[in-house]
Amino acid sequence: MDINFEGKRILVTGAGRGIGRQLCIVLAKSSPNVKVVALSQTQANLDSLKAESPNIETVCADLGNWDETRKAVQSVLPIDLLVNNAAVASLQPVLETTPEAIDSSFNVNVKSVVNVTQVVAQNMKDRKVAGSIVNISSQASQAALKDHLVYCGTKGALDIMSKVMALELGPFNIRCNTVNPTVVLTDMGRLGWSDPEKAGPMLSKIPLGRFAEVDDVLGAIIFLLSDKSAMINGVTIPIDGGFLAC
Ligand code: NDP
């Protein structure tokens, strides 16, 4: 498939590690004149990303800090394509869930998505350009997972917020969709699923019999960012080998 991001500026949050980092590297190679902006919270991770892929522009900000984030995103405008990828996972049983875990997770996984999207989409609207926003959700938005009360809650919120964004921004030709992966063995994935006693039962519920690879997720994100999905708006795409279908 011929996908071209020539001349586009693409912002990826949570780009220091895992899915976001690999996405930046792939996007930066996708077209000769594409500009990828990687936002994350640890400067050392951004420095090593820049060393690996020197054309990437980096910006360091804590998405949990509303004002700092707004300033950081304003400093990298204009942006044509946005991937709200950053998230945290805090695993606690229902009866032991702390108010701190609720606040810190919703702050990064939900509130910061509104913040970043507001700055980017307002600028797209002002410039009268089409845009695409991809929010990285999870199968956990639609299926209960033990000890994932807060994480599931944030991803459920993200799915429906993305549909409201699709509704309100669609008239300005700004699309918004989510991808909803199953387990990917990044740092975050290993936190919940590296124990074979937990991984086994999860794998047995995935018809394809394996966890997702980072590349499985990137393919769907890149499709949704591109013009190949020009009529797709407000969807949640599982990348789960059939987990949510069963
Ligand atoms: P990782 O934990 O590997 O990476 C998360 C990235 O987000 C890091 O670069 C981290 O920054 C950044 N980040 C976290 N908090 C903040 C913050 N406050 N401000 C700025 N940056 C922040 O996660 P994954 O790559 O695994 O996950 C990416 C997305 O995919 C997330 O939305 C996740 O919920 C989703 N997902 C992941 C699955 C999995 O199994 N891995 C399954 C389904 C969905 P730093 O490097 O600076 O610490």
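Predicted model: local features only at pLDDT ≥ 70, side-chain atom pairs only at ≥ 80, totals over all residues.
Visitor: At what angle do the axes of H3 and H4 cross?

Guide: The axes of H3 (residues 66–74) and H4 cross at roughly 30° and come within 9 Å. The crossing of H3 and H4 is right-handed.

Visitor: How do H4 and H5 pack?

Guide: The packing of two helices is read from an angle and a distance. Helix H4 (residues 99–127) and helix H5 (residues 149–169) pack at about 15°, and their axes are 9 Å apart. Angles under 35 degrees count as roughly parallel, and H4 and H5 are therefore roughly parallel to each other. Their crossing is right-handed.

Visitor: Which residues in H4 and H5 meet?

Guide: Among those in H4 are Ala 101, Ile 102, Phe 106 and Val 113, and the residues they belong with in H5 include Val 150, Tyr 151, Leu 158 and Met 161. The contact of H4 with H5 has 13 nonpolar, 4 polar and no charged residues.

Visitor: Which residues come nearest to the ligand?

Guide: Of the 27 residues around the ligand, Gly 14, Gly 16, Gly 18, Thr 42 and Gly 189 come nearest. Helix H1 (18–28) and helix H6 (187–193) are the elements that give two or more residues to this shell. The shell divides into 11 nonpolar, 13 polar and 3 charged residues.

Note on methods:
Residues numbered from 1 in each chain as written. Near = placed C-beta within 6 Å. Helix = DSSP H or I, 4+ residues; strand = E, 2+ residues; numbered from the N terminus. Nonpolar A, V, L, I, M, F, W, Y, C, P; charged D, E, K, R; others polar. Axes fitted to C-alpha atoms, helices over the stretch in contact; angles between N-to-C directions. Parallel < 35°, antiparallel > 145°, perpendicular 65-115°, else oblique. Left-handed = near helix turned anticlockwise from the far one by under 90°. Contact = placed C-beta atoms within 7 Å.
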